[in-house]
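Work through the exercises below on charged side-chain pairs. Each task is followed by a stepwise solution.

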Amino acid sequence: MRARRRGAVLWLILPLLSLLTVLAMGSARSVAVEQRATRNLAEERALRLAALQALRAAEQRTLDLNLRFEDALTSEAGIPWQGDARGLGWFMPDCLSAVAGIGYGLCATEPDVWRRSVQINGARWPLLHPCGPSRGLEATPGRPPASCLPARPRAGQRWSSPRYVLELLNPAFRIAGVDGRLYRVSVRVWGESERDMLTVQSWFWAGAGAQAGRGGRLNWRLPEEAQ
């Protein structure tokens, strides 16, 4: 009789244990999903903050270039803003300005220039890439080195430093009666992998003549979100 009772109790306990096991596994899975979502959100915020910081730095580089353009216009009259296959200018279709050694990253304006890829040394690279004709944030960017791919990052390090390109939208853009130029700055930053990236753009005004050292952002956007 006692053996039968023990058997009946066992049959009651086993389903309860199974149910508790399922509930525990479901709870652990839910916690893991929440942790992953929290981590992804933190990484997304960090990447956006890095993109905006890089954009500010690229805009400062734009202001420096604007001063350089102003000096060149004063001393070397006749340099065209836009160049093509027939002649060189500061802003070229292949984003390589050969004028005055300015280097990569000055692009003739076209829609969605940030999406472009280019052929370099037999390989096709995105424009905004360490191997593409874009600019780094160092003071005097030039051609990419022979080995342009970044070394494998350590945990917590970014895959590459930011890259940017610059377009001249209007060389005679006036604001509040002040002569200037309208640029578009496109910047890309990376997380810990090449796939983890974010692009940000701004419309930046810089002065002309005696006001060449003045400038400011008019607007900005995340182009991937605007598509």
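Predicted model: local features only at pLDDT ≥ 70, side-chain atom pairs only at ≥ 80, totals over all residues.

Residues are numbered from 1 along each chain as its sequence is written, and side-chain values use heavy atoms, with hydrogens and water left out.

**Exercise 1.** State how many salt bridges the model holds.

Solution. Step one is the criterion: a side-chain nitrogen of Lys or Arg lies within 4 Å of a carboxyl oxygen of Asp or Glu. Step two is the count, which comes to six salt bridges.

**Exercise 2.** Find which residue forms a salt bridge with Arg181, and where the two lie.

Solution. The partner is Glu70, with the closest N and O atoms 2.6 Å apart. Helices (H or I, at least four residues) and strands (E, at least two) are DSSP runs, numbered from the N terminus. Arg181 belongs to strand S7 (residues 180-190) and Glu70 to helix H1 (residues 2-75), so the pair ties together parts 111 residues apart in sequence.

**Exercise 3.** Classify Arg181 and Glu70 as buried or exposed.

Solution. Buried means under 20% relative accessible area, exposed over 50%, and partly exposed in between (1.4 Å probe, protein chains only). Arg181, at 4%, is buried. Glu70, at 14%, is buried.

**Exercise 4.** Describe the salt bridge between Arg116 and Glu110.

Solution. The N to O distance is 3.6 Å. Arg116 is buried at 17% relative accessibility, whereas Glu110 is partly exposed at 31%.
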